[in-house]
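Subject: Handing over the two-chain model

Hi,

Here is the structure I promised to pass on to you. Have a look at it first, and then read on for what turned up in it.

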Amino acid sequence: MRFLNLNIRLASTVPLCYLCSTVFRKPNPSSGVPIYVQINQQIRHAIETGAISAGDQLPGIRSLAETLIINPNTVIKVYRELEQEGVLEIRHGLGAFVTSRRRSLSKAEEMRDAQQLVHEFVDTLKIQGLAEGEIRRLFEAELAGEVQRR
Amino acid sequence: MTAVIETIELKKNYGNHEAVRGLNLSVHAGSVCAFLGQNGAGKSSTIKMLLGMIHPTSGNGSIFGHRIDKERESLLIRQKVAFVAEDKRLYDYMSVSQIIHFTRSFFPRWDHALETSLLERFELPSERKIRQLSKGMRTKLALLLGFARGCELLILDEPTEGLDPVAIEDVLQIVVSLAARGTTIFFSSHQIAEVEQVADHVLMIDRGKLVLDASMDRIKEQYRQIQAVFTDPIEERDLRLPGIGRVHVEGRTASFVASHNVDSIVEHVRMLHAGSIDVLPISLKEIFLEKVKARS
């Protein structure tokens, strides 16, 4: 299997992984959220905060599994998922790298900026005395109108 | 996926007592599979049958395709499998270094680097006699002898019992590391938190029967605790649906664990005029208690 090859090669070339202990936290196994979801979120968060950036190499499967003490198949699953989502790029025999296209990242940033705008706008309307229900109806009416105008 | 361990209708009776009652299980290559159950549920009997230490009353099983009930094949199994027993039995008159030397001589694929690193990590005194070791040290030594054998399958019966938290963390890390190298690991444990941490598959037995066989991810994704408050009193039979196990009903409130089918269950509960429905995540410990209590 391609991912296991990757892991064996990395294990011999990357003896210590500084990212493992500073960027990643041990997941909470009893939280009800699958560990692969927790690690997926941690990697996305590390990219969003700039702790790891485009082109950076992620820890090898074995070193991440050993540091976080999680099943290596979980790490494989996360890397594979993030590759499909365009966040990571797996270079055969070399390892997993943060994708330079940053497609999914810029989308995340856009959404965060938009959320801030909406937050400020809603606050302004509230100060003007509008109730939450009224604001919601205005938004919905505007979006419905948008659809009709198309 | 290839099954490394497979059993078909495996049974073991001790006199009138049925310890294992028709077990069908399979463990896939490369998996870290946890084997859970109460004391006396049949875990150790199953493991002993797999290793040819006791003979099945009926049914059969195989490891790496070798039949467990055939003496000649059982020998082949033991060459490929490392087993660390619950009682961590060792030759008391030997010193730590003597037993390592002795064990090493049987196994051509012995991992010398791992042996050296474990001796250091576990802080095992090389020259001390085994009879003078503490319980924790005996466990660590038994694990070292199992881990360093360089085998394809590792069967551990209660590997972390009696160890302190630091040693437990060390042991789990080695398990993860061996799994990353492709070793299949099958271990029994009462420490559910450690199972949740490192296992990717869970087999749970109760009174000699399999009651849960699922991947850890599926358990986390699909198992939910559901609590509902209805406008009128309801009865248990209103909630008999696929995916629902035992239902606790008290007046207008009901609580149960759903193993799958959660969306349809919630829809059904809503149709029964539930004023409030809470769908909550559930830990493996709660599932264990639910499965084990379900029979009483």
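This is a predicted model: local features need pLDDT of at least 70, side-chain atom pairs count only at pLDDT 80 or more; totals for chains, interfaces and linings use all residues.

**Where the chains meet**

With that cut-off in hand, take helix H4 (residues 61-68) of chain A and helix H6 (residues 165-180) of chain B. Their axes are 8 Å apart and the two helices pack at an angle of about 165°. H4(A) and H6(B) are therefore roughly antiparallel to each other, and their crossing is right-handed. On the chain A side, the residues that take part are A:Ile61, A:Arg62, A:Ala65 and A:Glu66, and they meet B:Gln173, B:Val176, B:Ser177 and B:Ala180 in H6(B). By class, this contact of H4(A) with H6(B) holds four nonpolar, two polar and two charged residues.

That pair belongs to a wider picture. How many residues of chain B are in contact with chain A? There are 21, and they touch 18 residues of chain A. On the chain B side, H6, helix H7 (192-198) and helix H8 (216-222) are the elements that give two or more residues. H6(B) supplies the largest share, seven residues. Sorted by class, the chain B side has 10 nonpolar, five polar and six charged residues.

**Helix packing inside chain A**

H4(A) also packs within its own chain, against helix H5 (residues 72-84) of chain A. The axes of H4(A) and H5(A) come within 9 Å and cross at roughly 125°, so these two helices are oblique to each other. Their crossing is right-handed. A:Ile61, A:Arg62, A:Leu64 and A:Ala65 in H4(A) meet A:Pro72, A:Val75 and A:Ile76 in H5(A). This contact of H4(A) with H5(A) has six nonpolar residues, no polar ones and one charged.

From H3(A), the residues A:Ile35, A:Tyr36, A:Ile39, A:Asn40 and A:Ile43 meet A:Thr74, A:Lys77, A:Val78, A:Glu81 and A:Leu82 in H5(A). The contact of H3(A) with H5(A) counts six nonpolar, two polar and two charged residues.

**The two sheets of chain B**

Now to chain B, starting with an open sheet of six strands in the order S6-S7-S8-S3-S9-S10, where the pairing is mixed. Strand S6 (81-84) and strand S10 (209-215) stand at the edges with a single partner strand each, so one side of each has no neighbour in the sheet. Neighbouring strands are turned by 15° against each other on average, direction ignored. Strand S9 (residues 201-206) runs antiparallel to S10(B), and six bridges join the two. Within that pair, B:Leu203 has B:Asp213 in S10(B) as its bridge partner.

Which strands does H6(B) lie across? They are S3, S7 and S8 of chain B, and H6(B) runs at about 150° to S8(B). Helix H1 (residues 43-50) of chain B lies across S3, S7, S8 and S9 and runs at about 145° to S7(B).

The other sheet to look at is open too, with four strands in the order S12-S13-S11-S14 and antiparallel pairing. Strand S12 (244-250) and strand S14 (274-281) are its edge strands, each pairing on one side only. The twist averages 15° from one strand to the next. Strand S11 (residues 224-230) pairs with S14(B) over seven bridges, and B:Val229 has B:Ser276 in S14(B) as its bridge partner. Helix H9 (residues 262-271) of chain B lies across S11, S12, S13 and S14, at about 160° to S14(B).

**Confidence**

Chain B averages a pLDDT of 92, and 99% of the residues score at least 70. In chain B, confidence is highest in S3(B), at 97, and lowest in helix H10 (residues 284-293), at a mean of 87. For the complex, the predictor gives an ipTM of 0.80 and a pTM of 0.80.

How values were computed:
Residues are numbered from 1 along each chain as its sequence is written. Chains are lettered from A and ligands numbered from 1 in the order in which they are written. Two strands pair if DSSP finds at least two bridges between them. Axes are lines fitted to C-alpha atoms, for helices over the stretch in contact, and angles run from 0 to 180 degrees between N-to-C directions. Two residues are in contact if their C-beta atoms, placed from the backbone, lie within 7 Å. pLDDT is the predictor's confidence in each residue, from 0 to 100. Ala, Val, Leu, Ile, Met, Phe, Trp, Tyr, Cys and Pro count as nonpolar, Asp, Glu, Lys and Arg as charged, and the others, Gly among them, as polar. Angles under 35 degrees count as roughly parallel, over 145 as roughly antiparallel, 65 to 115 as roughly perpendicular and the rest as oblique. A crossing is left-handed if the near helix is turned anticlockwise from the far one by less than a right angle, and right-handed if clockwise.
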